[in-house]
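Reader: Please take a close look at one part of this model, the place where the two chains meet, and describe it in a connected way.

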Number of protein chains: 2
Amino acid sequence: MKCRRCKAPAVIDIRRHNAAFCRDCFLHHCKEQVKKAIDEFKMFGPDDNILVAVSGGKDSLALWHILSELGYRADGLYIGLGIGDYSDESGVRTRAFAQAHGYTLVEVSLPSDYGYDIPTAASRTNRAPCSSCGLSKRHLFNKAALDGGYDVLATGHNLDDEAAVLLGNVLHWEPGYLGRQYPVLPAADGFAKKVKPLVKMGEREMAAYCVLLDIDYQVEECPMAEGNRHLGYKEVLNSLEQRSPGAKAAFLSSFFSRGHDHFKDAAHVEKGELNSCDECGSPTTGTRCAFCALRNRVISETPVSIGRKD
Amino acid sequence: MKCRRCKAPAVIDIRRHNAAFCRDCFLHHCKEQVKKAIDEFKMFGPDDNILVAVSGGKDSLALWHILSELGYRADGLYIGLGIGDYSDESGVRTRAFAQAHGYTLVEVSLPSDYGYDIPTAASRTNRAPCSSCGLSKRHLFNKAALDGGYDVLATGHNLDDEAAVLLGNVLHWEPGYLGRQYPVLPAADGFAKKVKPLVKMGEREMAAYCVLLDIDYQVEECPMAEGNRHLGYKEVLNSLEQRSPGAKAAFLSSFFSRGHDHFKDAAHVEKGELNSCDECGSPTTGTRCAFCALRNRVISETPVSIGRKD
């Protein structure tokens, strides 16, 4: 197996591209694919200040590294979620990575700054853990990007993530969700611009990127995500991909080029008239935003014991 | 396990309905579900003349039986495809079924009437066998419905079939295909009205319907369909259904209620200006329809040897 670009011995093959690469050409290929996504979807320019949401996993650390290597001004944002050892180790890895590369890291702690953690939110509400977690992160990502004056918030959602979300959205045909699933969401009143520069990169490629560069990332899946639907959708898509390499990328990219447009209006219609949350000022369709409502519900019942039991 | 309707011992359970039925109540349930689909999608009324496309398989024979039991005027249309023993046995079963019930059967033979069979079409063209077969059947269904003066053509596509087609359409995001996937397609110049009254019925239910009524149907899958994508999509959907019963029906019904509308315009746009085929007069975007083009290509090369080798 030889590198497609330089004919040296290859270290990785990518079936959907029908190509193999040596170490250096693979790293080059990753940067090219990210650059392609940034250009194709007009995500940001060289003068923009980018805030990268980093979890300590392979995708977000690699994204932060690639954007920096491409010459963009990218700071990191780490949110401590209070999910026991998993969060502790993710934080340690993120801080070590930032320090080793001289990158600027912004930190927010859900337990210290907001008085609750995800396991408590999950046990005190009827929501699935991933739902409370997603809601909390989306709110804090947006707030940090706006408060910090960043031009854009970048997340490490990769091709596999986005294809699984798309499959979920399609299985229930929610026009609003389909209308909002796109690699760029423009800024709006109270909402930071959001981008997903890894939409052309598979999960396996991101892991390889980190391994080849000795980036020490959190390998464990979040312990609270076990059995969630999203992982089931990934399995389904992987079985399709195995039958027909490229099926997953075609599913996602043809949605962006031919499907999404048909749902664009639905995204706006469902958002409706927006007010300011009476607690935090965030945009909301009611009087209080979903984040403040969740937080109030979680912290009102009994005082939350923060941190691990040990 | 007791029948949901009469509490007698049940013979079948339907997980997605969270219900079990005895023989008679199951047969009643099937008729009710078909009636519901006919009403919901305004497929036809009591005075319409219906032509049911019958293959000799469980779905089409059961559909013909249910429509007749519901009091509709339904004749059958059988198309001999010349696929060796498979076609011979399908024809025998269809004729026996029609005779036993006193139903009127219209027959068309691809080899005798049009000079080719599906195996020859598959070997003489670059098309997959299912593609030549589908094209030929669609043309002949439409022609028979128009020539016979029927108000509507009904096919036995069930929930599993339609969900698999939808998954295929979604994996490639073809707006035109998505716009044309609906349980009713209205009549248009040169096109008969087409309906799919089994869209609420699973494959397993249709087999049970035939077994409980001693309807002798063709059990074999078509030997030329092996390994086709459609069957792969069915497997994928079955694995989703097993994780979450009802997922398949929700996928299809939510597309009909919330998704399809977003692609309606695309169906019209892609059809464009229509002419008459210079050979058979059927509507076509070019000068010759796809059916005549296929037939000419297949029969032009060498004389076609019709029938089985034995």
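**Where the two chains meet**

Author: In this predicted model, the residue of chain B that comes closest to the rotation axis is H262(B), whose C-alpha lies at 2.8 Å from that axis. The axis itself comes from superposing chain B on chain A, which takes a rotation of 180° with 0.0 Å of shift along the axis and leaves an RMSD of 0.0 Å. The two copies are therefore related as by a two-fold rotation axis. Both copies use the same surface, since 100% of the contact residues of chain B recur in chain A.

As to the extent of the contact, 19 residues come from chain B and 19 residues from chain A. On the side of chain B that touches chain A, at least two residues each are supplied by helix 7 (159-172), helix 10 (229-243) and helix 11 (247-259) of chain B. Of the elements of chain B, helix 11 gives the most to this side, with seven residues. Sorted by class, the side of chain B that touches chain A holds 11 nonpolar, six polar and two charged residues.

Within chain B, a packing of two helices can be set beside this picture. Helix 2 (residues 58-69) of chain B packs against helix 9 (residues 203-212) of chain B at an angle of about 65°, with the axes 9 Å apart, and their crossing is left-handed. Helix 2 of chain B brings K58(B), D59(B), L61(B) and A62(B) to this contact, while helix 9 of chain B brings M206(B), A207(B), Y209(B) and C210(B). By class, the contact of these two helices has six nonpolar, no polar and two charged residues.

Notes: Residues numbered from 1 in each chain as written. Chains lettered and ligands numbered in written order. Predicted model: local features only at pLDDT ≥ 70, side-chain atom pairs only at ≥ 80, totals over all residues. Axes fitted to C-alpha atoms, helices over the stretch in contact; angles between N-to-C directions. Helix = DSSP H or I, 4+ residues; strand = E, 2+ residues; numbered from the N terminus. Left-handed = near helix turned anticlockwise from the far one by under 90°. Contact = placed C-beta atoms within 7 Å. Nonpolar A, V, L, I, M, F, W, Y, C, P; charged D, E, K, R; others polar. Least-squares fit on C-alpha atoms with pLDDT ≥ 70 in both.
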